[in-house]
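Work through the exercises below with the sequence and the 3D structure at hand. Each task is followed by a solution in steps.

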Amino acid sequence: MNKEKGGEIMSDYYIKTRSYEVFASKAMKNILDRNCDYRRYCWNQALALWNDLYSAHQIYDKICYTTFTPKKNKRSNKLKIIQKDVHLNPSPNWRLVRDRLVEDKEDWQFTYSAHLLQLAVQDLGKAWKSFFDKAQPDWGKPHFKSKRAPRQGFKSDQAKLIDGRLFLEKPQGLKKDWEPLILSEKPMNYPTGVMSFYRENGCYFVSIPYKIPKRKIIKKADTGKATGVDLNVGHFNYLGGNKSILPKKLEQTYEKIKHYQRLLARKREVNGKEQAMQSKKYLKTKTKLQAAYQRASNIQNDLMQKFTTMLVDNYDSIVIEDLDVKKMMMSHVASKGMHRSMFGKFRQVLSYKCEWYGKKLIVANKLYPSTQRCAVCGLVKKGDEKITLYGNKKHGTKHNEFICYNPNCPNYNKKVDRDENAMLNLTILIKHPELNKAL
Ligand SMILES: [Zn+2]
């Protein structure tokens, strides 16, 4: 798997997947819903058949061993091969399952694209494969899909982008008008592979993979500028200023998440987990929680996309901290885990944008004391001089201040912003890479 990924980077293409919200007419929404239902139907049918075949296989497997193993020396070659096959392929082939399902197709199924069935069975095949490949972290036997699951979806390898609009494949024999789907953003060129459609909280989305030739990505113009980016709970500091990453609307969404989480927990406590999960009210709250998650994630994505674009537009080199460095205090943030994940998002998005646009990304050494160093004279605070998340006890420094006590420093005894100082220390690494270590 890794080799393949490495190959992608080395090749002349970038593979990139992008998600869009889909806006559809009422008729097309119906089609999307129908496809979701049909995909689930195919998956569950295939899984039932697969389970049967698998049990039969297991019995067969046992017979093979008990019958043939004791007579080791008398086995013919043919028997040996059978035994080996059983051992290597404990799961039936997905093509076999597909063919059986196609044979048993009922009339109504022909009003759906045949690709829906094919892709559902293929994906189930992958799920079975990872079930046997126990090295995979989330291995487990594939499950039946529920109509009540908050996320429903289907896949298509036939949908086409024409003039920025998305056309689903038309099932054979359908005479009705086929309307295009409108996407929330202009799609890119060079779509490739299978598109994933899904519905969540009454909204429709599609993920489209792209294979973009490297030569098509235009390098951004050099600006001759460089900056460090210091990550903090509510804001990121960079040379151009201070970018808030906790706007009011995100904070409010976090509050909502926390509120719904509490409601659900209380319901589980009072009514017992099993009972609570069956109640309509519980499901309704759960849907609201998921909608809030979705909204928070959208706001975060939007923020990160805009901020990273601004960075690659304006700077040739960007220095960021190693994310493990700051054990963030997030006491005043409602949804800490969700907020913390933004740092990962930031690094991921910035990494690929730098690569695309020919900009340099430098990650500071974990031990580089960006918070403890004075960006003006270079003195590094040690021992009880150190600045903690609460400031410095010995000198009574506040949590957001940095004061240099080196009498020879031009900034001696001057209050400066702690995060600004840290950001400048990161920026210095571009001209002085030799400092990028424990000091
Ligand atoms: Zn100093």
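**Exercise 1.** How close do the axes of helix α8 and helix α9 come, and at what angle do they cross?

Solution. The model is predicted: local features need pLDDT of at least 70, side-chain atom pairs count only at pLDDT 80 or more, and totals for chains, interfaces and linings use all residues. Residues are numbered from 1 along each chain as its sequence is written.

Step 1. Locate α8 at residues 280-314 and α9 at residues 336-357. Helices (H or I, at least four residues) and strands (E, at least two) are DSSP runs, numbered from the N terminus.

Step 2. The two axes come within 9 Å and cross at roughly 35 degrees. Axes are lines fitted to C-alpha atoms, for helices over the stretch in contact, and angles run from 0 to 180 degrees between N-to-C directions.

Step 3. List the contacts (C-beta atoms, placed from the backbone, within 7 Å). Residues of α8 including Ala-296, Met-304 and Leu-311 meet residues of α9, among them Met-342, Phe-346 and Leu-350.

Step 4. Sort the contact of α8 with α9 by class: eleven residues are nonpolar, four polar and two charged. Here Ala, Val, Leu, Ile, Met, Phe, Trp, Tyr, Cys and Pro count as nonpolar, Asp, Glu, Lys and Arg as charged, and the others, Gly among them, as polar.

**Exercise 2.** What is the strand order of the open sheet of five strands, and which strands are at its edges?

Solution. Step 1. The order is β10-β9-β8-β11-β12, with mixed pairing. Two strands pair if DSSP finds at least two bridges between them.

Step 2. β10 (241-244) and β12 (360-363) are the edge strands, each pairing on one side only.

Step 3. On average, and with direction ignored, neighbouring strands of this sheet are turned by 25 degrees against each other.

Step 4. Four bridges join β11 (residues 317-320) to β12 in the parallel sense. Ile-320 has Val-363 in β12 as its bridge partner.

Step 5. Helix α10 (residues 418-431) packs on the sheet, where it touches β8, β9, β11 and β12. The direction of α10 makes about 140 degrees with that of β8.

**Exercise 3.** Which residues have the most contacts inside the largest nonpolar core?

Solution. Step 1. A nonpolar core is a set of buried Ala, Val, Leu, Ile, Met, Phe, Trp, Tyr and Cys residues joined through C-beta atoms within 7 Å. A residue is buried if 20 or more other C-beta atoms lie within 10 Å of its own, exposed if 12 or fewer, and partly exposed in between, with C-beta atoms placed from the backbone.

Step 2. The largest core has 39 residues, and Val-229, Ile-318 and Leu-426 have the most contacts inside it.

Step 3. Helix α8 gives the most to this core, with seven residues.

Step 4. Beyond four places away in sequence, Ile-318 touches residues including Val-229, Leu-311 and Leu-350.

Step 5. Another core, of 28 residues, lies apart from it and includes Cys-36 and Leu-124.

**Exercise 4.** Is Pro-180 buried, exposed or partly exposed?

Solution. Step 1. Find Pro-180 in the loop between β4 (165-167) and β5 (182-183).

Step 2. Pro-180 has 17 C-beta neighbours inside 10 Å, so it counts as partly exposed.

Step 3. Not counting residues up to four places away in sequence, Pro-180 touches Arg-165, Leu-166 and Phe-167.

Terms used. Contact = placed C-beta atoms within 7 Å.
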